[in-house]
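Q: I would like to learn how to read a model like this one. Please show it to me.

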Amino acid sequence: APENGGSTDSCRVRVAVRVRPKNSEELAHGADFDSCVELQPESKRLKLKKNNWSCESYKFDEVFSENASQKRVYEVVAKPVVESVLEGYNGTVMAYGQTGTGKTYTVGRLGKHDPSERGIMVRALKHIISSMSFETDRVAISYLQLYLESVQDLLAPEKTNIPIVEDAKTGEVSLPGAAIVEIKDLEHVFQLLQIGEANRHASNTKMNTESSRSHAILIIHLQRSSRIKEENSCSLSNDTHDIFPDDLPLVLKSKLLIVDLAGSERIDKSGSEGHMIEEAKFINLSLTSLGKCINALAENSPHIPTRDSKLTRILRDSFGGTARTSLVVTIGPSSRHYSETSSTILFGQRAM
Ligand code: ADP
Ligand code: MG
């Protein structure tokens, strides 16, 4: 991707919090499920109430109440990243939070028949498709699941243990063997995402695990040549310019990763045994490692420790540097989950 000499602020991860509406159980139990969060949208602050005496206030890039629409969340969290990907930079959008707080609703909801319900994946692809010229540009997707540090193809589930390869010269990350399916229209997008979703369910049922234990990663690959002639060459690197004669079409490649992370809840306290403990260790490994990278970016550290887990190795070229990154942390409203909510908020704060 081209250099943009970006400021510190554009490198850091932008973080929004989204509070899920109360569910029927929480509504039915009334006071038992008292709300522990209060938003101050003007100052983009969230107040988290521990009890009657103790309350902390946290600032984010944006705070979304239970009334926030999918459209608004897309526009604030993902659209700037998508626009920068259309310009040729890489980017990442992630959802982090306890199981049941709305990660999949936020990023993966299809909303095939109700456009207002659509989540970030569908909206991003729609935006990209409508911005491209199909004579010269191409868009393709890969859809993967990362479970127990093993990468599986959600579009071709027989492919497991897919390696993660980094090009020594360009730093470009690829997953040899994973399907890369070119898409033409939104109907095709729904078809593929549905297949991915079904495969995620099927493989988790087979392994007797919950989908909340795995990360789902959508990679949108863009290849554009249509806009290059109109623009001046400042967005192209010098060697590309030297290698190709001026009249050859130049191709701008970029990618967008949209990640529905595994549930952030601690697993150890449920007294799990055997492979459950292995599982807990690995899930904590990738989320812990992600937290360290986000923290390092926020501190403008020269070293981002992306090699510690498969998740961060996949994110490596789409995270930090010239890539734009957004994180939505999702929380439930109820005081029952105070401690999980608090740790989710603290994870988000590490990026600020
Ligand atoms: P997660 O992926 O974090 O485990 P889900 O996205 O599956 O959580 O959400 C749990 C439940 O809450 C689902 O039934 C989902 O439809 C609902 N839900 C989550 N967020 C919202 C929201 N903002 N508005 C309406 N319903 C929501
Ligand atoms: Mg989910």
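Q: Which residue takes a positive phi in the hairpin of strand 7 and strand 8?

A: Some ground rules come before that. This is a predicted model: local features need pLDDT of at least 70, side-chain atom pairs count only at pLDDT 80 or more, and totals for chains, interfaces and linings use all residues. Residues are numbered from 1 along each chain as its sequence is written, while chains are lettered from A and ligands numbered from 1 in the order in which they are written. Strands (E, at least two residues) and helices (H or I, at least four) are DSSP runs, numbered from the N terminus. Now the hairpin: L148 takes a positive phi near 50°. The hairpin has 2 residues between its strands.

Q: Which strands join strand 7 (residues 138–147), and by how many bridges?

A: Two strands pair if DSSP finds at least two bridges between them. Strand 12 (residues 215–224) is joined to strand 7 by 9 bridges, antiparallel. There, I141 stands opposite I220. Strand 11 (residues 181–182) pairs over 2 bridges, also antiparallel. Strand 8 (residues 150–153) runs antiparallel too, with 4 bridges. L146 faces V151 there.

Q: Which residues of helix 10 are buried?

A: In an α-helix there are 3.6 residues a turn, so residues three or four places apart point the same way. In helix 10 (residues 338–349), the buried ones are E340, T341, T344, I345, F347 and G348. They cover an arc of only 155° around the axis (taken from the directions to the C-beta atoms), which puts them on the same side of helix 10.

Notes. Expected span 1.5 Å × (residues − 1). Buried ≥ 20, exposed ≤ 12 C-beta atoms within 10 Å, placed from the backbone.
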